[in-house]
Amino acid sequence: MENAIEISNLSKKYDEFHLQNINFKLPKGSIMGFVGENGAGKSTTIKLILNLINKDCGEVNVFGLDNIKNEKKIKDNIGVVFDESNFPDNMIASDVNLVMKYIYCNWDDSIFNSYLKKFSIPLKKTINEYSRGMKMKLSLAVAMSHHAKILILDEATSGLDPIVRDEILDIFLDFIQNEDHSILISSHIISDLEKIADYITFIHNGKIVFSEAKDSLLYDFGILKCSNSDYEKLDKEIIIGCRKNQFGVEALIRKSNLKGNYIIDHASIEDIMLFQIKGGK
Ligand SMILES: Nc1ncnc2c1ncn2[C@@H]1O[C@H](COP(=O)(O)OP(=O)(O)OP(=O)(O)O)[C@@H](O)[C@H]1O
């Protein structure tokens, strides 16, 4: 399977933070949810993919091309949305159209205008009169109006109400119908990612914990519930994280590592993250 993005051994050190040896692949035609707590390194990784900051070492290939040597070509094919809209406050949507025409060689007025209509973006209001949802929709319309093959979205749905988010998730699913398209989306709204992502990449303290197909994560991870005494008999090597309460122990495990008959509950992506970050052993 071809990869839209391939990251190998990517590192970046700040005074108090180290993004270490990042490796993951976004297969073409898929959506990857990029998750992790505040300050885990998601935006830093995304900025490195976009060559907005300098790496210390490692490689980023987009469409099989080095992201630094082929920056212009790559950026023409990527649509990016950050959590803040960066358009000047006094612009109206048609001004944005004019500016983008000069930025992207593949800019398509007719697609942009159809998104404005589809998203009910007001044509006469200036951007400072937009709601947050309108600003996000305008950013998405821009990201998708130059025939981009990859969308990179950093917290693009944060602060939006569930109805607008749901509409936007549908837009992403629509975008991905074209098998040449791919999406990398970072979000703290894990339930959204559970709905649309094919792959989940989890970053913690600047390191990748896992990058796997969502279905295999949901199939393999489980929460084992048992008494304290049964827990003591378990091989601790297979325990990824555990929570003790007055009734016994809940432990996150990979079912493939567990021998014997136990009652295992479903683990959501949020459970998997929380047990790994907060769970003891
Ligand atoms: N320019 C910078 N100089 C120094 N440290 C930085 C710089 N940019 C980011 N950092 C640090 O890098 C770490 C990772 O930040 P990053 O923005 O990548 O996290 P994140 O996972 O995107 O977090 P959030 O979910 O809160 O957006 C943080 O500790 C942050 O303070």
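Visitor: Which helix gives the most to the shell around the ligand?
Guide: Keep in mind that this is a predicted model: local features need pLDDT of at least 70, side-chain atom pairs count only at pLDDT 80 or more, and totals for chains, interfaces and linings use all residues. Residues are numbered from 1 along each chain as its sequence is written. Helices (H or I, at least four residues) and strands (E, at least two) are DSSP runs, numbered from the N terminus. With 3 residues in the shell, the top giver is helix α1 (residues 42-49).

Visitor: How many residues in that shell are charged?
Guide: The shell takes in residues whose C-beta atom, placed from the backbone, lies within 6 Å of the molecule, and its members include Asp-15, Asn-38, Lys-42 and Thr-44. Asp, Glu, Lys and Arg count as charged; Ala, Val, Leu, Ile, Met, Phe, Trp, Tyr, Cys and Pro are nonpolar, and the others, Gly among them, are polar. The tally is 3 nonpolar, 6 polar and, for charged, 2.

Visitor: What share of the chain counts as buried?
Guide: Buried means 20 or more other C-beta atoms (placed from the backbone) within 10 Å of a residue's own; 12 or fewer is exposed, and in between is partly exposed. For the 281 residues here, that comes to 36%.

Visitor: Which strands sit at the edges of the sheet of 6?
Guide: Two strands pair if DSSP finds at least two bridges between them. This open sheet has mixed pairing and runs β6-β7-β8-β3-β9-β10. Pairing on one side only marks the edge strands, β6 (78-81) and β10 (207-213).

Visitor: What stands opposite Met-32?
Guide: Strand β3 (residues 31-35) pairs with strand β8 (residues 182-186) in the parallel sense, over 4 bridges. In β8, the residue facing Met-32 is Leu-184.

Visitor: What angle does α1 make with β7?
Guide: α1 packs on this sheet, touching β3, β7 (150-154), β8 and β9 (199-204); contact means C-beta atoms, placed from the backbone, within 7 Å. Axes are lines fitted to C-alpha atoms, for helices over the stretch in contact, with angles from 0 to 180 degrees between N-to-C directions. For α1 and β7 that gives about 145 degrees.

Technical notes
Contact = placed C-beta atoms within 7 Å.
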